[in-house]
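Subject: Structure handover and findings

Hello,

Here is the structure for you to look through. Please keep it open while you read the notes below it.

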Amino acid sequence: MKREGLDELGPDPIDAAIETGRVPLLSRLAAPLRQRAALGLDPALAPVAVFVALGFAAGPAGLGVLGADGLARLETAVAIAAAALGVFAGLELLPRTGERRLFVAASLEALVTMAVVAAATGYLLAEWELLAGLGLGSAALVLGLSAAPSAASALFGESRLADLDDALPIVLGAVLLPVLGPDIPPLEGLALTAALGVGAALCGWLLLEHARDAAERAVFLLGTVALLGGAAASLGLSALLAGLAAGLFWRVAPGAADVVARRDLGPFQHLLVVLLLIVAGAGIAFEPPVLALGVAFAFFRLTGKLLGAFAAAPVAGLRRPSALAAGLLTPGVIGIAFALAVRGARPDADAALLAGAVAFGAALSEPLAWLTPPPSSAAA
Amino acid sequence: MVPESRELRLLLVTIGASLAVLVGLARLRFPAAGPAPPPQQLLPIDRLGPQALYEDLVRAVARLETRLGPHLVERAGEDGRPALALLWNSTQALAWSPLPERASDARILAVDRGRGLLLLRHATSPPPAALAEWSPEAAGPIYLAAAEPGPGGWALRPVYVGRLRATHSTTWGGVLAVSGASLTPGSFLFTLDGRRLGLVVPDAGGAAVLAGSNLRAHAESLARDPRGAAWSGVRLGRLPGEARGALVVLSVEEWSTWAARLRSGDTLESIAGGEPASTLEAEEALRSAAAVVRVRRGSARLQVRPAREPDAPGLRLADAPGGARVVGVAPDSPAARSGLHAGDRLSAFDGVEAPTAADVARRYGAARRGTRLVVVAGHGREARALVLEKP
């Protein structure tokens with residue numbers, strides 16, 4: 001209320017006087033970043049663009065430091081990283097008190113984003129007659145699912161949606177992944193993945209509850225996460241969903257497993273994100289279809305997020321959709337992890353093109369998010 | 001009509017920009033990529049392990065075949081099977097044989113009858129460019145190429161070697177132990193870029209690679225040993241794990257001048273007052289009739305000299321129905337002077353019909369010096385009478 005009251009007064013006369021002066025070009029370019037930083041939308045918390053670019057430079061299409069063999073060997077590590085990210089998502093997934101509406105809003109926002117990106121990219125793929133081997137619908141769905149997660153980088157309360165909008169894409173992705181990879185019926189694959197996650201989490205929980213000290217707990221926790229990722233990769237299942245199920249289990253199970261998981265996995269979160277981004281960047285082939293699909297992914301993700309924010313704002317009880325959208329625009333690494341999981345389950349040229357397009361599109365989404373005017377400029 | 005709400009304006013601008021991008025991108029056309037390849041289902045272990053591309057391997061082996069062609073020499077093996085030799089220098093080739101005592105090829109220049117190494121005469125004009133050598137202390141996992149003889153000529157086979165490790169062999173001295181690969185003695189190993197690794201030899205019930213300076217030492221020792229006359233008939237080895245440790249007698253041939261003088265298990269402390277650096281050097285020193293060897297046998301220390309003449313006819317025999325078969329004849333021995341050859345069958349020896357190897361040793365040992373023993377030997381259906389004189 002107070003803020004709206006200030007808005008009604010119009011621009012600050014001092015600011016207006018300063019704005020009339022000549023502003024250097026660099027300052028003008030940096031203005032959106034400064035504004036976002038001031039609002040708690042730290043632009044460098046998950047620098048997707050930076051690490052994907054670094055990965056591309058190190059990858060086979062760049063300097064070749066990270067060759068095709070190296071990437072193949074990292075696939076299991078990527079699956080373990082995806083499982084760890086799934087655990088983080090699972091730990092944050094259950095709506096806290098009074099958050100049920102927020103959860104519905106987040107899922108609605110994710111659904112709208114998925115639909116917009118899948119429709120646009122599906123249309124383009126049909127026009128280009130690409131990815132016929134993978135299937136037009138499946139390819140568009142992979143792109144839509146990869147676009148939906150947002151980075152939970154914002155510090156203000158509305159960005160809680162960024163935590164919660166991962167759930168629906170992870171579950172739908174777990175249904176889709178067996179369709180693309182091994183010959184497992186989708187529902188059976190979903191059940192198997194959930195069973196794997198819960199089973200490993202149960203073992204981990206028993207070990208964690210009987211551990212003698214913190215060091216032993218850390219070893220049990222890391223072992224459980226490695227088991228989740230390795231087993232999911234081996235079976236061609238979604239490591240993300242297995243991790244999500246494990247995180248959820250630890251959250252609802254009695255004891256302090258969720259606290260231990262948050263505390264002991266936390267220090268590795270940034271490392272895992274960097275690993276995923278570097279691998280995703282290294283997998284980008286500098287080819288016209290990858291770049292074109294990546295551009296479409298970035299633009300329609302932006303559109304989908306804004307539309308999703310409009311749809312979700314009334315459900316969440318928020319009055320400013322643009323403020324909500326600002327917290328959702330930064331791409332979530334879970335989307336990239338899902339695209340990498342598709343490439344792992346189906347190592348062919350189509351899946352590589354998709355994963356490359358998602359990585360490039362996510363890297364492009366970040367500067368687009370920085371340049372989108374945040375709500376504080378509404379009065380200007 | 002411009003919307004008042006900032007949020008709506010932002011949304012409409014974004015949608016407009018996105019639709020413009022969509023229309024622009026939809027006009028693009030990409031060259032047809034052809035039918036999508038079938039999905040490649042890799043097992044997790046394949047994802048984790050080294051993945052050499054099969055096509056690359058095939059290309060490398062094909063290139064190598066052309067390059068190695070002038071260096072490899074096909075020959076008939078002593079066991080009747082095809083065998084292979086490697087050009088060692090411009091006039092000589094090196095090979096390994098499972099039956100060196102049967103070596104009768106006119107091209108053979110030298111034979112190490114204890115180990116089976118052969119040096120053959122093989123001149124090529126012009127000689128091919130010498131192969132570079134690769135002599136690692138340890139390596140692996142690695143793909144190598146094994147040149148192996150076959151009924152249709154020699155062939156190159158890619159061999160995946162888990163690990164190569166320098167080790168010590170009682171028979172060969174320094175060798176490379178190979179793990180994770182099945183190798184055939186007598187074949188030669190090369191790197192995929194054409195460097196010579198070595199000769200596969202039998203060792204300790206398996207196979208090892210004789211390579212580097214030790215392969216050169218064996219070949220040079222053979223080159224100094226015309227017609228294989230120099231082998232003393234004594235095989236020496238070193239105790240495992242002792243590169244400069246005591247030399248131990250592994251076996252003494254019955255025709256050797258050291259027979260009944262040295263025994264298997266004797267430890268040699270010195271030969272002719274010196275301590276040989278290698279088993280090869282020691283075996284060469286034992287050729288000398290003047291060699292005096294200090295030996296430790298159990299707790300006793302002995303000084304041993306070779307006999308002037310061996311108290312044996314110089315025959316290696318294998319018992320067979322109808323009479324012992326001659327497997328090998330020692331050069332310059334009474335048997336060689338009598339005209340016996342490998343492959344002969346003894347139908348009578350000093351009055352004993354269809355003799356066994358033990359009969360021959362007993363009758364020869366019982367005969368006085370200067371006695372002329374009558375021998376009936378045959379090859380196939382042909383039989384001939386010979387005189388074997390005990391010197």
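The notes below go through chain A, then chain B.

This is a predicted model, in which local features need pLDDT of at least 70 and side-chain atom pairs count only at pLDDT 80 or more, while totals for chains, interfaces and linings use all residues. Residues are numbered from 1 along each chain as its sequence is written, and chains are lettered from A and ligands numbered from 1 in the order in which they are written.

**Chain A**

Chain A has 17 helices and zero strands. Helices here are DSSP runs of H or I with at least four residues, strands are runs of E with at least two, and both are numbered from the N terminus. Of the 380 residues in chain A, 56% count as buried. A residue is buried if 20 or more other C-beta atoms lie within 10 Å of its own, exposed if 12 or fewer, and partly exposed in between; the C-beta atoms are placed from the backbone. Now take contacts between residues at least 6 apart in sequence: in chain A, 82% of them join residues at least 24 apart. Two residues are in contact if their C-beta atoms, placed from the backbone, lie within 7 Å.

Next come two helix pairs. Two packed helices are described by the angle between their axes and the distance between the axes. Axes are lines fitted to C-alpha atoms, for helices over the stretch in contact, and angles run from 0 to 180 degrees between N-to-C directions.

The cut-offs are under 35 degrees for roughly parallel, over 145 for roughly antiparallel and 65 to 115 for roughly perpendicular, with the rest oblique. The crossing of α6(A) and α14(A) is right-handed. A crossing is right-handed if the near helix is turned clockwise from the far one by less than a right angle, and left-handed if anticlockwise. The contact of α6(A) with α14(A) has 22 nonpolar, five polar and four charged residues. Nonpolar covers Ala, Val, Leu, Ile, Met, Phe, Trp, Tyr, Cys and Pro; charged covers Asp, Glu, Lys and Arg; the others, Gly among them, are polar.

The next pair is α7(A), residues 136-147, and α9(A), residues 167-180. Their angle is about 150 degrees and their axes are 10 Å apart. They too are therefore roughly antiparallel. The crossing of α7(A) and α9(A) is left-handed. Residues in the contact include Leu141(A) and Leu145(A) of α7(A), and Leu172(A) and Leu176(A) of α9(A). By class, this contact has eight nonpolar, two polar and no charged residues.

Glu129(A) lies in the loop between α6 and α7 of chain A. It is not a glycine, yet its phi is positive, about 55 degrees. Glu129(A) is exposed, with 12 other C-beta atoms within 10 Å.

**Chain B**

Chain B has seven helices and 24 strands. Of its 391 residues, 33% are buried. Among contacts in chain B between residues at least 6 apart in sequence, 51% join residues at least 24 apart.

One open sheet has five strands in the order β14-β15-β16-β17-β18, with antiparallel pairing. Strands pair if DSSP finds at least two bridges between them. β14 (234-238) and β18 of chain B stand at the edges with a single partner strand each, so one side of each has no neighbour in the sheet. The twist averages 40 degrees from one strand to the next.

Four bridges join β16(B), residues 267-271, to β17(B). Thr267(B) has Arg296(B) in β17(B) as its bridge partner. β17(B), residues 293-297, pairs with β18(B) over five bridges. Here Val295(B) stands opposite Leu302(B). β17(B) and β18(B) form a hairpin with two residues between them, and Gly298(B) in the turn has a positive phi of about 65 degrees. Among the five residues of β18(B), residues 300-304, the count of buried ones is zero.

Ala354(B) lies in the loop between β22 and α7 of chain B. It has a positive phi of about 45 degrees, although it is not a glycine.

Best wishes
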